[in-house]
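Q: Please take a close look at one part of this model. Then set it beside the wider picture.

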Amino acid sequence: MTSLAAVFEKARSEDRAALVGYLPAGFPTKDGAVAAASAMVDAGCDVIEIGLPYSDPLMDGPTIQDAVHRSLSNGTRIADVMRTVEGVARTGAATLVMTYWNPIDQYGAERFARDLANAGGVGTITPDLTPEEAGPWREASREAGIETVFLVAPSSTEERIGIVADCCTGFVYAASLMGVTGARESVGLAAEGLVKRTRAHTTLPVCVGLGVGTGAQAAEVAAYADGVIVGSAFIRRLLDAPDESAGLFAVRELAAELAAGCRRR
Amino acid sequence: MTSSEDTVLQPGDLVGGDAGTGGKFGVFGGRYVPEALIPALDEVAAVYEKARTDVAFIREFDHLLRTYAGRPTTLTDVPKFGAQAGGARIVLKREDLTHTGAHKINNVLGQALLTKRLGKTRVIAETGAGQHGVATATAAALMGLECVIYMGAVDCERQSLNVARMKLLGATVVPVTNGSQTLKDAINEAFRDWVTNVDSTHYLFGTVAGPYPFPGIVRDFARIIGVEARRQILALTGKLPDAICAAVGGGSNAIGIFHAFLGDEGVALHGYEAGGRGLETGEHALTLTAGTIGVLHGSRTYVLQDEEGQTIESHSISAGLDYPGVGPEHAWLKDSGRATYHGITDAEAMDAFALLARTEGIIPAIESAHALAGALKLGRELGPDATILVNLSGRGDKDMGTAMTYFNL
């Protein structure tokens with residue numbers, strides 16, 4: 001298990017951006033998720049976000065919706081998410097859980113934070129938990145010694161960026177564009193400005209996600225951000241693969257391409 | 001300029017008051033949404049706070065309510081129906097007589113005016129039964145706004161007449177094919193559209209659920225139902241009713257008729273949720289009666305969910321009540337004991353639906369039939385001295401397909 005601080009320190013010393021990859025637990029299968037994430041780490045991902053599949057993913061585009069639906073149909077439970085984190089953390093990558101708030105709320109904030117820490121997880125990203133409602137989760141996370149990552153968006157005012165950044169530990173997640181998750185032709189033009197605006201409020205690393213899916217896009221983002229976050233593009237590779245080994249090959253290939261992009265800043 | 005007798009909406013009827021609490025009703029409500037939407041929600045809240053006390057806004061809204069929606073709606077005594085309710089005096093608030101055939105028009109006209117104040121040119125909305133979609137498409141046509149309606153594919157099928165109406169009114173109807181393909185998934189899809197197009201678009205939310213400031217705004221625009229009914233029932237009977245009955249899906253028609261009576265302690269407030277095939281079958285929409293506290297669609301409220309927070313799909317013969325969440329103010333009214341919530345099964349609702357048609361010549365929406373079924377039970381409990389006000393939230397034309405199948409017509 002590596003801390004987020006160590007990940008970004010290492011990336012900085014190598015004059016590159018960190019590569020953050022996302023996969024939902026239980027997709028393509030419970031074991032398949034660990035295998036795919038391990039392949040991603042092996043080919044250059046520094047951080048893995050394990051998605052907690054939720055029935056109403058209103059921030060996600062069709063690709064992640066599809067994967068999450070398959071995962072839930074496979075019967076994925078929170079215990080499986082924790083087991084997935086455990087398996088991925090064993091690779092040495094810093095492993096986070098990305099989740100909508102309600103599953104943590106129902107599981108119990110303290111219990112979730114403790115179980116995640118015990119599984120080797122280093123923190124969470126909670127895209128629908130606003131700072132106003134985040135008090136109990138920040139407290140539980142502090143107790144358990146895990147990081148809390150929240151999102152800023154191109155629409156965020158200076159005041160909101162300040163409020164969100166104050167709630168973050170580990171890094172700040174900057175959404176590159178206004179919209180849902182999913183690979184796009186180009187990374188939002190607003191991303192660079194948002195990263196710049198965010199840096200005025202925090203010394204934490206700032207990572208950019210939403211819409212990044214190629215090595216060229218990774219290089220473009222790596223020029224101004226501390227980390228590049230990729231989710232849907234990995235899932236797309238797994239969805240399109242005819243079988244598991246082809247899927248593993250494809251995500252490994254993509255991770256390598258993105259990792260090279262992160263080094264071309 | 002109209003005289004005060006002609007006016008249905010008075011300054012002060014748009015009560016607001018949620019801004020100071022951050023949109024909390026006790027522990028319920030709040031905002032659980034992507035940060036990207038916070039500026040838009042703040043903007044809607046700020047524009048509404050200004051509008052609700054602005055005489056020009058109130059006058060414009062009032063004008064539309066009177067000359068376009070057809071307000072005030074009348075009260076109707078239904079003694080033959082009441083004879084089946086233990087002889088209680090049943091009085092209907094006739095929201096079915098509004099333009100477009102359901103109470104939804106009230107909220108929609110208010111929010112369409114807000115959309116103009118927000119400087120936005122496009123509205124999106126979710127719809128279950130199609131009534132909110134039809135109302136939104138209507139207001140969009142009236143005010144020259146682009147309109148996209150998200151509707152679960154299952155609901156598109158069972159409410160195909162309303163789909164045609166929306167199309168005729170110039171709206172684009174997008175069938176939502178993910179999840180349970182009903183209202184909750186339509187809401188997810190509308191949020192996805194909103195976060196992508198928030199610069200041009202207002203999400204014209206259709207019920208008293210969702211993140212702050214929607215529960216308070218929709219409540220205020222629906223509140224006219226109870227404001228009028230309170231004056232009217234005093235004029236008709238000389239006293240306040242013993243009880244009010246309303247159907248609860250998301251809860252907008254119910255909060256609309258309840259709210260003006262909240263301070264009247266002698267008036268019992270009863271909400272009726274869709275019991276579907278019965279609690280024991282698991283196929284129902286008994287959110288307040290059988291749900292647990294959680295977060296759905298941006299708000300802390302009662303939710304039909306499993307112990308890990310996954311939403312459980314609801315069921316009701318009525319598309320408009322087929323929703324696994326409920327407005328946070330209802331959650332608070334339940335927990336504070338001010339209102340009581342009950343389940344009405346599909347069969348009970350359909351019996352009341354047919355009974356009102358046969359005894360009084362009024363075909364109600366199946367949603368409203370849940371409130372009627374509740375009034376039948378309540379009347380038998382309270383006896384012939386009781387007066388019960390029922391919110392007849394909509395008319396049943398849209399439900400003829402369902403009725404034909406159910407009654408083998």
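Which residue just after H4(B) takes a positive phi, and of about how many degrees?

A: Gly119(B) does, with a phi of about 75 degrees. The model is predicted: local features need pLDDT of at least 70, side-chain atom pairs count only at pLDDT 80 or more, and totals for chains, interfaces and linings use all residues. Residues are numbered from 1 along each chain as its sequence is written, chains are lettered from A and ligands numbered from 1 in the order written, and side-chain values use heavy atoms, without hydrogens or water.

Now the helix itself. H4(B) covers residues 104-118 of chain B. Helices are DSSP runs of H or I with at least four residues, strands runs of E with at least two, both numbered from the N terminus. The 15 residues of H4(B) should span 21 Å at 1.5 Å a residue, and its end C-alpha atoms are 21 Å apart, so the two agree. That expected span is 1.5 Å times one less than the number of residues. H4(B) is largely enclosed by the rest of the structure, because 13 of its 15 residues are buried. Buried means under 20% relative accessible area, with a 1.4 Å probe and protein chains only.

Next, chain A. It has 12 helices and nine strands. Buried residues make up 63% of its 265 residues. The C-alpha atoms of chain A fill a box of roughly 45 × 40 × 30 Å along the principal axes. Of its contacts between residues at least 6 apart in sequence, 73% join residues at least 24 apart. A contact is heavy atoms within 4.5 Å.

Terms used
Buried < 20%, exposed > 50% of the residue type's maximum accessible area, 1.4 Å probe, protein only.
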